[in-house]
Amino acid sequence: MPPVVSIINYKGGVGKTTLTANIGAELARRGRRVLLVDLDPQASLTFSFYRATEWERQLADERTILQWYGSVLSGAPAALHKYVVTPPIVNEAVNRYGSGRLDLLASHLGLIDVDLDFAAHLGGSRFQHGSPRYLSLHRALAQALADPAFEEYDTVLLDCAPGHRLPAPEAVGTGR
Ligand SMILES: Nc1ncnc2c1ncn2[C@@H]1O[C@H](COP(=O)(O)OP(=O)(O)OP(=O)(O)O)[C@@H](O)[C@H]1O
Ligand SMILES: [Mg+2]
């Protein structure tokens, strides 16, 4: 599994997405194969690389991480790499310098409900941490990135939503 770096901060508007996009593009320019994962329903990272009309036509219905989370919640997780896209404009620029590549798992506004869906699936917001399925559901992304299909990447960068909640350590202990 390639190194995975989360760009995360509870407060919003501090430059997470700008850093993710620019670190990713610069690493690709230097010849690295980089995967960016947009975990924010605002989808600012996605819209750094796709126009809204392109996103709507090419990605919205079938090629965002929302559809993958839907498959996880349905109990039959799809292969995550099927949702990876290669944004054309930035890669045309990157290819002028070498063989690097910048890939993306795009986001969708519908992701805003996934936290709630997870909680409901596990028995409600107050009891979910005690569910035996808590860790398997909340580690679904880590498990999916361990697929050999992702071995080709040198780095994975996760652009997180502001206020992203991390499970309390004692809750993680309960779920094991
Ligand atoms: N180094 C910087 N200097 C000045 N402005 C910046 C810098 N980095 C980001 N910005 C600007 O700050 C604003 C917020 O940046 P950005 O969207 O990257 O933050 P964010 O932490 O991802 O926000 P959110 O929490 O909403 O996801 C944007 O308008 C961006 O252009
Ligand atoms: Mg952001």
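Biologist: Buried means under 20% relative accessible area, exposed means over 50%, and partly exposed lies in between. Is W55 buried or exposed?

Modeller: In this predicted model, W55 has a relative accessible area of 13%, so it falls under the 20% limit and is buried.

Biologist: How do F47 and W55 sit relative to each other, what are the distance and the angle?

Modeller: The two form an aromatic pair with 5.6 Å from centre to centre and 65° between the planes, an arrangement that is edge-to-face. The label follows because planes over 60 degrees apart count as edge-to-face.

Biologist: How many aromatic pairs does the structure hold?

Modeller: There are four aromatic pairs in the structure. Elsewhere, ring pairs join W68, Y69 and F118 into a cluster.

Biologist: Which residue lies over the face of Y97?

Modeller: That is R29, which is placed over the face of the Y97 ring at 5.2 Å from the ring centre. R29 is also the residue that ends helix α1, which covers residues 16-29.

Biologist: Switching to α1 then, what span should its 14 residues have?

Modeller: At 1.5 Å a residue the helix should span 20 Å, and the C-alpha atoms at its ends are 20 Å apart, which means that expectation and model agree.

Biologist: Which residues of α1 are buried?

Modeller: The buried residues of α1 are K16, T17, T20, A21, G24 and A28. Around the helix axis they cover an arc of only 130°, and therefore they lie on the same side of α1.

Biologist: What do those buried residues pack against?

Modeller: They pack against several elements, including the strands β1 (4-7), β2 (33-38), β4 (101-105) and β5 (155-159), and also against the helices α2 (46-49) and α5 (88-95).

Biologist: Which residue has a positive phi although it is not a glycine?

Modeller: A43 does, with a phi of about 60°. A43 is located in the loop between β2 and α2, and its relative accessible area of 2% is under the 20% limit, so A43 is buried.

Biologist: Now the sheet, what is the order of its strands?

Modeller: The sheet is open and has five strands in the order β1-β5-β2-β4-β3, with mixed pairing. β1 and β3 (84-85) stand at the edges with a single partner strand each, so one side of each has no neighbour in the sheet.

Biologist: How many bridges join β2 to β5?

Modeller: Five bridges join them, and the two strands run parallel. L35 has V156 as its bridge partner in β5, while L36 stands opposite L157 in that strand.

Biologist: In which sense do β2 and β4 pair?

Modeller: β2 and β4 pair in the parallel sense, over five bridges. On the β4 side, the bridge partner of R33 is R101, and that of L35 is D103.

Biologist: How many of the six residues of β2 are buried?

Modeller: Five of the six are buried, so β2 is largely enclosed by the rest of the structure.

Biologist: And how many residues of β5 are buried?

Modeller: Five of the five residues of β5 are buried, and the strand is mostly covered. From β5, T155, L157 and D159 point one way, whereas V156 and L158 point the other way. β5 also pairs with β1 in the parallel sense over four bridges, and V5 has L157 as its bridge partner in β5.

Biologist: Last topic, where is the place of E56?

Modeller: E56 is in helix α3, which covers residues 52-59. Its relative accessibility is 54%, and because this is over the 50% limit, E56 counts as exposed.

Biologist: What separation do the C-alpha atoms of E56 and H108 have?

Modeller: Those C-alpha atoms are separated by 9.8 Å, while the two residues are 52 residues apart along the chain.

Technical notes. Residues numbered from 1 in each chain as written. Chains lettered and ligands numbered in written order. Predicted model: local features only at pLDDT ≥ 70, side-chain atom pairs only at ≥ 80, totals over all residues. Heavy atoms only, no water. Phe/Tyr/Trp six-rings, centres within 6.5 Å; stacked < 30°, edge-to-face > 60°. Buried < 20%, exposed > 50% of the residue type's maximum accessible area, 1.4 Å probe, protein only. Lys NZ or Arg CZ within 6 Å of the ring centre and 35° of its normal. Expected span 1.5 Å × (residues − 1). Arc of directions from axis to C-beta. Contact = heavy atoms within 4.5 Å. Pairing = 2+ DSSP bridges.
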